[in-house]
Each structure stands twice: as structure tokens, then as C-alpha cells.
Amino acid sequence: KLHMEKFLQQEARGVDYLVLWLDCDKEGENICFEVIDSVKHCMKPVSGSQTIFRAKFSAITDKDIRQAMDTLGSPNHNEARSVDARQELDLRIGCAFTRFQTRYFQGKYGDLDSSIVSYGPCQTPTLGFCVERHDLIQSFKPESYWVVAVKVSVGSQTVSLEWDRVRLFDREATQMFVSRVKESKMAKVLDVQQKEKTKARPIALNTV
């Protein structure tokens, strides 16, 4: 089992400087200070100069990494504290509303098959999106449509033709097009276009 804090402290023994390469968002800033609190007492004491730096980057490429090293800054304590505040608010609001709606729904619906009806500032809106999508799927009414599928024999080969209109929702109109196709014994090529396409191999993940 990996004990991350002990591992970081072991790696930080005797180092002069600490450069933090965490995600460039508020959560990453919060983790920066967790790392600092864990390792700062293990670092070599240096007086009179800054020893802890923050790297800002948006991609893991040679150019971005070099630019981040050339423009090192300091961790933002306010952004880190805002994450702590949000986490505490999420916990307090979640506990309060979970207790409230659990008692409310259990009192209103005696056959409720759940002992806890939890609430969360993130999980509840997400659940709302899922329910909305589920309702759309359940209320979907399929509609019949018709297509014209034509095959042309060219020597010993058979070529399937694609219809520009793809499909029609009017059966009579589709039947009219089918009748016109059946009346024609020959097909005329109006235009020939040739395109060469190349597909490059996928590049490695370079964004964060």
C-alpha cells in the first residue's frame, strides 16, 4: 500500500527548492498546499530566498513545460482556501438537506424503500440531468420513414447508390421516386470525384 505523504516526505529530504506541477485549477492549488504542508519541514532550510514555486501550464509538451519553468510563480493561497470553503459548504448543506428531505419524504411516502434520501450540491443537479434524459427517452415516439435503396450492375460488379435526401417521412412521395427509378433501365454518371484521404496516427495525450 502506497502512503503518499510518507513517500513525498522521503523524496523531499534535503532538497533546496520545490516546484509544484499540479493541475492549473483551484483544486490543483489546494493540493499544492497539502503537498507543502507535508514536505516543507523535510526540505533543507534556505534563508533569504524563495524556495517554493508554482508552475502554470496547459499542455504536457516541450514548449509549454519550458515556458512554465521560465515563468514560475507562487501558489495562490486564496484559491486554495476557496476550495476548503466550498468543501465545508458542500458538507454542511448536504448533511442539512439530507436530513430534511429524508424526514420529509419518509413522512409523506410510507412505502419509501430508502432509509436515506441524500442530497448534494453536485450530485442532485447531475441526477436531475439523468432524470430529464430518461424522461425524454421514455416519451420518445418513433416515426416511420422510407428510403430508396438502388443497386446498379456494372459488369460483374454491383454498386449501391446513396440517395441525397437519405429518407422521407411521406410514403406516397417515396413510392413515386421508386416508380421513377423502376422505369429507368439505365443510369448515367454525371460527375466523378476522386479524393485522397490520409489519417495520421493519434498523438499522445498532451493536455491537462
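**Reading a predicted chain**

Me: Where does glycine 48 lie?
Reply: Glycine 48 sits in the loop between H2 and strand E2 (52-54). Helices (H or I, at least four residues) and strands (E, at least two) are DSSP runs, numbered from the N terminus. Residue numbers start from 1 along each chain as its sequence is written, and side-chain values use heavy atoms, with hydrogens and water left out. The model is predicted: local features need pLDDT of at least 70, side-chain atom pairs count only at pLDDT 80 or more, and totals for chains, interfaces and linings use all residues.

Me: Is glycine 48 buried or exposed?
Reply: Buried means under 20% relative accessible area, exposed over 50%, and partly exposed in between (1.4 Å probe, protein chains only). Glycine 48 has a relative accessible area of 88% and is therefore exposed. Of the 208 residues of the chain, 16% count as buried.

Me: Which residues make up the largest nonpolar core?
Reply: In soluble globular proteins, nonpolar side chains tend to be buried together. A nonpolar core is a set of buried Ala, Val, Leu, Ile, Met, Phe, Trp, Tyr and Cys residues joined through side-chain atoms within 4.5 Å. Here the largest one has 12 residues: Ala12, Leu18, Leu20, Cys32, Phe33, Val35, Ile36, Val39, Cys42, Met43, Ile52 and Ala80.

Me: What does leucine 18 touch?
Reply: Contact means heavy atoms within 4.5 Å. Leaving out residues up to four places away in sequence, leucine 18 touches Ile36, Val39, Met43, Thr51, Ile52 and Phe53.

Me: At what angle do H2 and helix H4 pack?
Reply: Axes are lines fitted to C-alpha atoms, for helices over the stretch in contact, and angles run from 0 to 180 degrees between N-to-C directions. H2 and H4 (residues 77-108) pack at about 100 degrees, with their axes 8 Å apart. Since 65 to 115 degrees counts as roughly perpendicular (under 35 roughly parallel, over 145 roughly antiparallel, the rest oblique), H2 and H4 are therefore roughly perpendicular to each other. Among the residues making this contact are Phe33 of H2 and Ala80 of H4.
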